[in-house]
Amino acid sequence: MEGVSPAHQETRSRTPRSLLFMCRMNAVRSPMAETIARSLLPGTYVASAGVRPGERDPFVDAVLDEVGLSLGRHAPRSLDELEDDYFDLIVTLAPEAHHAALELTRSMAVDVMYWPTPDPTVATGTREQILNSYRDVRELLKTLIEKRLKDPG
């Protein structure tokens, strides 16, 4: 979040009422974060979008299914396709998305947090090695959501 100390970002003590996760194409990181946040933050409106829409990634479905979660009917969408345009907090997961969020919110009172998150689509190797990179992202997002957005207690 611009102009706010990293310590403040780490100790966010209030779960937002409405939350948007943004990445580059809304195909991997942001839909994964949206699904995890919905399971951990009941009562919070959670959405996700990309700077531009991509294609649904079957590896995301596989690693979410391993922990009992599902994208459901999620289809990647861009910011332009969002039904709501006001959020208490926008969490960006990729540099391109962070720049777009800052530009979008220049004249709005919306908190923007940047969580640098690896892109598992660049992983190579066996199917299991590729799945492991997606699992790593899933676990990172779960940890960040629990530590930074979930109310203690």
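Modeller: With the span of residues 17-151 in this predicted model. The end C-alpha atoms of that span lie 12 Å apart, and its content is 39% helix and 15% strand.

Biologist: Which annotation covers residues 17-151?

Modeller: An unreviewed UniProt entry gives "domain: Phosphotyrosine protein phosphatase I" for these residues.

Biologist: How do I read a sheet, and what is the strand order here?

Modeller: Strands of a sheet pair through backbone hydrogen bonds, and the pairing is either parallel or antiparallel. Here four strands form an open sheet in the order β2-β1-β3-β4, with parallel pairing. β2 (45-50) and β4 (111-114) are the edge strands, each pairing on one side only. From one strand to the next, the twist averages 20°.

Biologist: How many bridges join β1 to β3?

Modeller: Four bridges link β1 (residues 18-23) with β3 (residues 89-92), and the two run parallel. In this pair, Leu19 stands opposite Leu89 in β3.

Biologist: Which strands does helix α4 lie across?

Modeller: Helix α4 (residues 95-104) lies across β1, β3 and β4, and runs at about 165° to β4.

Biologist: Now the largest pocket. Which element supplies the largest share of its lining?

Modeller: α2 does, with four residues. Both α2 (29-40) and β2 supply at least two residues each. The pocket holds about 160 Å³ of space. Its lining includes Glu34, Arg38, Tyr45, His74 and Arg77.

Biologist: How does the lining divide by class?

Modeller: Five residues are nonpolar, three polar and three charged.

Terms used: Residues numbered from 1 in each chain as written. Predicted model: local features only at pLDDT ≥ 70, side-chain atom pairs only at ≥ 80, totals over all residues. Heavy atoms only, no water. Pairing = 2+ DSSP bridges. Axes fitted to C-alpha atoms, helices over the stretch in contact; angles between N-to-C directions. Contact = heavy atoms within 4.5 Å. UniProt positions renumbered as here; feature names shortened; annotations may be inferred. 1 Å grid on protein atoms, 1.4 Å probe; cavity = no way out; pocket = protein on both sides within 12 Å on 5 of 7 lines; lining within 4 Å. Points joined across faces, edges and corners; volume = space filled by probe spheres on them. Nonpolar A, V, L, I, M, F, W, Y, C, P; charged D, E, K, R; others polar.
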